[in-house]
Amino acid sequence: MPDGVAESVPVVTLPGVVDHHVHLGLVDRALLADGPVTEVHDLGWDPREVAAWAADPPSGILVRYAGPFHTAPGGYPTGRSWAPDAAVRHVATPHEAAEAVADVVAVGGFAVKVALRAGMALLPDDVLRALVTEAHSAGLPVLVHAEGDGQAQRAIDVGADVLVHVPWTEALPDAVIARAARMTWISTFAIHDGPGRPIGLERALDNARRFVAAGGTLVYGTDMGNGPTPGGVNEREIELLGRVLEGRELRRAVLGPPSAPTLTAPLPLPVTATDLITWLRAARRLPAPRRPPR
Ligand SMILES: [Zn+2]
């Protein structure tokens, strides 16, 4: 391309996409290499296996991992066909909670993942509290899968830091959402998508709008590996996030910290979800920064 033309094209650089909720054990990891997604957070797998993937990740991807699901004996996701035994850590007492958190620290996990699912065995309050206390004293956030009546509220009130799915099984009262405003919620809207007006999705979007209005932090996460999710950018997830956020807030939810630009595209700064999807389709990786000569 002649120099004059290149100069007239607006070039915007932005950080790469951070997917805050994936399961690398359930996807073709090679599909992630050198694409617009630059960081993924694995929220539930055999800790040794996922630590090995993080040490030898797909090219251009930073992998952070939580390690196993912490749940009551028999609690979710015990017995699910997709969940290897080592991906599920049963915790029956506060003492076992302390041991489980120490194991997450030992394997290099960045967070403690907890599952609370009504209709299956549930962690009692004292064990749940112990998981949160132990995680926090180890400097790790607590990330909760909360599903079914009252479980999101339990996570909020016990001091968990993150809900790994925006609550979709019930409309949370405003007072509960106000108490949650210190938290981060991970979107995962697209997994509830379907024909008609899927009630779970509508509920999640409504909870998310009130959460953001109350000052909560909403971030992009796809639950990649849960069903036929794309291995890379999930455009539907961005589209649905665009029903809640736009402009700087949308970019902040989907992309990494602005200090680390890794993508470039010959398009203006994206404002809407449609802009952002178009921008990401056109984006290329910037060359890795060269180390200064010694
Ligand atoms: Zn998940």
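How many helices and strands does the protein have? The protein has ten helices and 13 strands; helices (H or I, at least four residues) and strands (E, at least two) are DSSP runs, numbered from the N terminus. This is a predicted model, in which local features need pLDDT of at least 70 and side-chain atom pairs count only at pLDDT 80 or more, while totals for chains, interfaces and linings use all residues. Residues are numbered from 1 along each chain as its sequence is written, and side-chain values use heavy atoms, with hydrogens and water left out.

**Figure 1**
The C-alpha trace spans about 70 × 50 × 35 Å along its principal axes. The radius of gyration of the protein is 20 Å, which agrees with the value near 19 Å that a compact globule of 294 residues would have; the radius is taken over C-alpha atoms, and the globule rule is 2.2 Å times the number of residues to the power 0.38. Of the 294 residues, 50% are buried, where buried means under 20% relative accessible area, exposed over 50%, and partly exposed in between (1.4 Å probe, protein chains only). The accessible surface comes to about 13300 Å², and 54% of it belongs to carbon and sulfur atoms; accessible areas come from the Shrake-Rupley method with a 1.4 Å probe, and for residues only the protein chains shown count as cover. Among contacts with a separation of 6 or more, 60% are between residues 24 or more positions apart, contact meaning heavy atoms within 4.5 Å. The mean positions of the 26 positive and 33 negative charges are 3 Å apart. Lys and Arg count as positive and Asp and Glu as negative, with His and the chain ends not counted; the place of a charge is NZ of Lys, CZ of Arg, CG of Asp or CD of Glu.

Rings of Phe, Tyr and Trp (its six-membered ring) pair if their centres lie within 6.5 Å; planes under 30 degrees apart count as stacked, over 60 as edge-to-face and the rest as tilted. By this rule the protein has four aromatic pairs. One of them joins Y76 and W82, whose ring centres are 6.4 Å apart and whose planes meet at 65°, so the pair is edge-to-face. Y76 is buried at 10% relative accessibility, whereas W82 is partly exposed at 28%. F69, Y76 and W82 form one aromatic cluster. Y76 is also joined to P77 by a cis peptide bond, with omega about 0°. P77 is in the loop between strand 5 (69-71) and strand 6 (88-90).

**Figure 1. Stacked pair W185 and F211.**
The rings of W185 and F211 are stacked, with 3.8 Å centre to centre and 0° between the planes. W185 is in strand 10 (residues 184-186) and F211 is in helix 7 (residues 199-213), so the pair ties together parts that are 26 residues apart in sequence. W185 is buried, with a relative accessible area of 0%. F211 is likewise buried, at 0% relative accessibility.

**Figure 2. Loop between strand 10 and helix 7.**
T188 lies in this loop and has a positive phi of about 40°, although it is not a glycine. The relative accessible area of T188 is 0%, so T188 is buried. P198 is found in the loop between strand 10 and helix 7 and is buried, with a relative accessible area of 16%. Leaving aside neighbours within four places in sequence, P198 is in contact with H192 and D193.

**Figure 3. Positive phi at D223.**
D223 is not a glycine, yet its phi is positive, about 60°. The loop that holds D223 runs between strand 11 (217-219) and helix 8 (235-241). D223 counts as buried at 4% relative accessibility.

**Figure 4. Surroundings of L143.**
L143 is in strand 8 (residues 142-147) and counts as buried at 3% relative accessibility. Not counting residues up to four places away in sequence, L143 touches L43, F110, A111, V112, K113, V114, V162 and V164. The C-alpha atoms of L143 and T184 are separated by 9.2 Å, and the two residues are 41 residues apart along the chain.
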